[in-house]
Amino acid sequence: MNLAKIKRVALAAVIAPMLTATASAYELVIPSTDYRTGPYAPNGIPFANGYSDYFTLINERDGGIEGVKIANPSCETAYNTKQGVECYEKLKDTPPSGALAFQPLSTGITYQLIPKATEDKIPVFSMGYGRTSAANGKIFPYVFNFPATYWDQATVFVQYIADQEGGMEYLKGKKIALVYHNSAYGKEPIRTLETMAEKYGYELQLLPVDHPGQEQKATWLQIRRERPDWVLMWGWGVMNQVAIKEAASIRYPMDHFIGVWWSGSENDVLPAGEEANGYLSGAFHAPGDDFPVHDDIKEYVYAKGKGKGDVDRIGEVLYNRGMVAAMWTVEAVRNAMKIHGTKEVRGEHVRDGFESLNVDEKRLEELGMKGFTYPVKITCENHTGPGKVALQQWDAKAKQWSIVTKFYEPLRDITGPLIKEDSEAYAKENNITPREC
Amino acid sequence: MLFFTETVISGLMAGVMYALVALGFVLIFKASGIFNFAQGVLALFAALALYDFMSPDGWAAALIGFPLPVPFAILATIGVMIALAWLIERLVLRHLVNQEGIILFMATIGLAYVLEGLGDILFGSDVKALDIGIPQGAHDYLFDQYGLYIEKLEMFAAATAAVLVTVLALFFQKTRTGRALRAVADDHQAALSVGISLRTIWVIVWSVAGIVALVAGIMWGSKSGVQFSLSLIALKALPVLILGGFTSVPGAIVGGLIIGVGEKVAEVYVGPYVGGAIENWFAYMLALVFLLFRPQGLFGEKIIERV
Amino acid sequence: MLYRETGQFKTSYQADQAIFPIAQDRWFILGVLAFSLFVMPFLVDDYLANAVLLPLLIYALAALGLNILIGYCGQLSLGTGGFMAVGAYSTYKLVTAYPDLNLIVIVLLSGLITAAVGVLFGLPSLRIKGFYLAVATLAAQFFLVWMFNKFGWFNNYNMTGQITMPDADLFGIQITGPGAQPGVKYLFCLGFVVIFALAAKNIVRGRVGREWMAIRDMDIAAEIIGIRPMFAKLSAFAVSSFYVGMAGALYFGVWLGSAEPVEAFDINQSFLVLFMVIVGGLGSIMGNFFGAAFILLLPLLLKNIMVDGFDIATVTAKHVEIMSLGALILFFLIVEPHGLARLWQITKEKLRLWPFPH
């Protein structure tokens, strides 16, 4: 690969139109390894648009991070691990700064990058996906999975269910079914839910669905037979749409059907039409486009014709998720500049930036995101932050998601030991000595 | 007992859905000996085109100013599929006459790639909710009166499949073209020597397979929304095909029903004991067991070998 | 002009039966080998190793295995992904259970375990033929992946179901894990590929190979002249799976480093290797390398040209890349249905006569 070429393209794409005397030659390379093709493209596109648009906004409105422009080269992974590895190798040394952070956007790619990026000293920001036990910063110094993990989310769902049933003690004897994508991703919450089942006495029914999940008759027949009180879903891609439709067909009450945050976008509910009304899903940020930051994106990015997507689709759940991921990344870079007193930060500096990240209410308001998400503070040993999760509900008439609960605190007394156990097993298998925090 | 009935009925219905995909394979294999890997992508392409003609942002709307109503959109899609069949014959099949099965199989994979890319470029890769007015959800009367759950979409699919198979059977048995098709299926050279044009026949067969793909695309697309994953339904048709035989239209239907019922019953009654999600491999194991007794599939033509 | 065998006389049967009877071929292959062995390791960087060379070598090895089965013995298999998974999981279990075992031994043992599984799933081939046989192997594909995904024993009861290759070294040099030098990984894989490609070349020229080909060309006739179909078919399944299993071991251990059964060994993997075999040329050893290069590197090349050279958006580039790959497959099939290996042979024939074709 000709590196000069990559540089030229990056330059042309991002700063050529803005090339002024004040722009310094140093650039902050934050690549997008996105997927706009393949079976998961419908979910990948809005996320990728949100992610890129936010960087464009920072460049256009603020002239970059502290005056240093962001270069955002992209590489298509098609949600495929092997192509993801190729993308990583291609982008990691992009001059001048080298890649500052990777957002791998798939469980498989994240697992690939954890050892590689640690070796190359580039932080991996797997926001709300990837390896849950990477929350243990002592063992995974270069991996960040804030603001919350799948396990946090599982505990929140159980708390929500308890709230609806009248309290934790009412969980006893209740039946909860988990419909999950039969892969590492889908299996994530099982241990947490099992541990909680032991503690609170509910009965857990596990129903795996094989990729791609277009045929779920057998799964939903079992739900019809067992009639669980609640159904949780860890789904992805076409599996979500079919599951919601099947649930509607067997007339399962939608407000007792809760999806993970990757099963709660417009794409997932729209094909089911009116019947999806009332379906719930997890969320760590708000849907909709009525925050000041969205106005800025429309003004500085789309009005100038620099948006990646369609202006009408700003504010979709996954668009906002891409945006919030970019926001935290930008804040981490800013923080790295502050800590190290240089504007020419590298991957390892940004890691420090992530590790002492503190985006509080005040900062969110400055960014035009007041109430968009909750404050996040990362420490050396806790790479997953507060882990709070709310539930959002689909209104099929208005075709709108809206947050319907408070942000629940996760039950860390349940997930904590599990994280410790899993991360220590990893450390032992790979001869990693945990660092001191 | 009621639940068992329900499982079996659901299995039958799912089987019909598989059979719809398998039918397309059978048609092409029968007439040209090609194992058409692109059948799934054809279904996706057809569904994408249909959605596009009906959508206000589609090509049809851009061209004539308003989106096509459902019947016209279907007709237009059929037109597209016929044009596609013609192109495929013209650009690919014509040059591959008399090649081995595996080479032709590979060619259809190349074709699948081309259509996949083309579909994405022309129609975009979002999930599209396809609604051509097919009823959906559980059948109300049966559900409320007897507590029996049958999906309306699938009843509709079953009826469509019945009509489709009848029409195909009539077409094959009663029309001149149909007889020519059967002649080609029996023996290419003999058919050629009595004056049947192989090229025309291939265009016709691929057009018919394209229309069957459209039906499959509509049914599956109404269920899950039209998106890339639709092309993966081809995998669901493989065990059906193998069980029913590559060359038999009734085989595709019966095979579909057996696979559908078999895998649903296995998943619901055996699955929970071994951890679930056994549907996929169970379908193949079932087909395998049948094959051990009838190596040419249930309805396949007996293989006669000469040395 | 340069490629001419005039004046090369064979004075012994041995010389006549050499793998490369023509001196130029011999020099060419030796040259390629010398370059790959002595120059390439110093040129590779992470990108070249992880995105180009390792996949190329590993898939070529897998294609070699599948070609033995399809190209030489005529038994269609779509279970490659499943068999690679067997190789990968054997490696994982062996390396975690016996950390002191030599890595070469582990890869070979993984191959042997896969061979046993391959024979098991090859049994239906005694009764079923052609596309129908594909079902038996597809059953293997889906069943094996399901099994590895389902039972915790295979991934040492890991909570996430992923398997991760621990760092392992050979004679004190680190081979696996992110810290290993790209050149070392490359050489390790190259060693296996070269040795076993030569072995395959010799097997298919020998008695066993001839039996396979007889079965492929007409099984009943072969049986009549005294070839045991059961032995021939099952040995083909065994040898083929042995190769595929080793490829799976290298795929997981050296290249990827971690894997999840559902994605890393899914049905697409089987198809990918099958494409390589067909595009490269059925019944050819050299063809596997061409096929792997075509299927793996062409998309990469197209992508890099489009994205870096012409600044086309990655998504459009991807669509065009898929379409071009499909169109090129069609093009090559129409030009030469017997694969790139045959094209190579024709080129050589032409070269022999060049510049005086008459």
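**View 1. Chain B of the predicted model, sized against a compact globule.** Chain B has 307 residues and a radius of gyration of 20 Å. Along the principal axes, the C-alpha trace of chain B spans about 60 × 60 × 35 Å. Of the 307 residues, 56% count as buried. Contacts in chain B with a separation of 6 or more come to 71% from residues 24 or more positions apart. The chain holds 13 helices and zero strands. Its pattern along the sequence is α-α-α-α-α-α-α-α-α-α-α-α-α.

**View 2. Where chain A meets chain B.** Chain A brings 36 residues to this contact, and chain B brings 31 residues. On chain A, helix 2 (41–62), strand 8 (203–209), helix 8 (217–226) and helix 9 (238–249) each supply at least two residues of the side that touches chain B. By class, this side of chain A has 17 nonpolar, ten polar and nine charged residues.

**View 3. The open sheet of chain A.** Seven strands of chain A line up in the order 8-7-9-10-11-14-15. The pairing is mixed. Strand 8 and strand 15 (400–403) of chain A stand at the edges. Each has a single partner strand, so one side of each is left without a neighbour in the sheet. Direction ignored, neighbouring strands of this sheet are turned by 25 degrees against each other on average. Strands of a sheet pair through backbone hydrogen bonds, either parallel or antiparallel.

**View 4. Strands 14 and 15 of chain A.** Strand 14 (residues 390–395) of chain A pairs with strand 15 of chain A in the antiparallel sense. Four bridges join these two strands. W394(A) stands opposite W401(A), a residue of strand 15 of chain A.

**View 5. Helix 5 across the strands of chain A.** Helix 5 (residues 150–165) of chain A lies across strand 7 (175–181), strand 9 (230–234), strand 10 (257–259), strand 11 (280–283) and strand 14 of chain A. The helix runs at about 135 degrees to strand 11 of chain A.

**View 6. Where chain C meets chain B.** This contact takes 33 residues from chain C and 40 residues from chain B. Helix 6 (130–150), helix 9 (219–224), helix 12 (267–280) and helix 14 (314–335) of chain C each supply at least two residues of the side that touches chain B. Helix 14 of chain C gives the largest share of that side, eleven residues. By class, the side of chain C has 28 nonpolar, two polar and three charged residues.

**View 7. A97(C) in helix 4 of chain C.** A97(C) is found in helix 4 (residues 80–97) of chain C. A97(C) has 9 C-beta neighbours inside 10 Å, and therefore counts as exposed; the cut-off for exposed is 12 or fewer. N156(C) is 59 residues from A97(C) in sequence. In space, the two are 9.8 Å apart, C-alpha to C-alpha.

**View 8. Confidence in chain C and in the complex.** Chain C averages a pLDDT of 89, and 99% of the residues score at least 70. Among the elements of chain C, helix 1 (residues 13–16) has the lowest mean pLDDT, 80. Helix 5 (residues 103–122) of chain C has the highest, 95. For the complex, the predictor gives an ipTM of 0.88 and a pTM of 0.91.

Key
Residues are numbered from 1 along each chain as its sequence is written. Chains are lettered from A and ligands numbered from 1 in the order in which they are written. This is a predicted model: local features need pLDDT of at least 70, side-chain atom pairs count only at pLDDT 80 or more; totals for chains, interfaces and linings use all residues. pLDDT is the predictor's confidence in each residue, from 0 to 100. A residue is buried if 20 or more other C-beta atoms lie within 10 Å of its own, exposed if 12 or fewer, and partly exposed in between; C-beta atoms are placed from the backbone. The radius of gyration is taken over C-alpha atoms; the globule rule is 2.2 Å times the number of residues to the power 0.38. Two residues are in contact if their C-beta atoms, placed from the backbone, lie within 7 Å. Ala, Val, Leu, Ile, Met, Phe, Trp, Tyr, Cys and Pro count as nonpolar, Asp, Glu, Lys and Arg as charged, and the others, Gly among them, as polar. Two strands pair if DSSP finds at least two bridges between them. Axes are lines fitted to C-alpha atoms, for helices over the stretch in contact, and angles run from 0 to 180 degrees between N-to-C directions.
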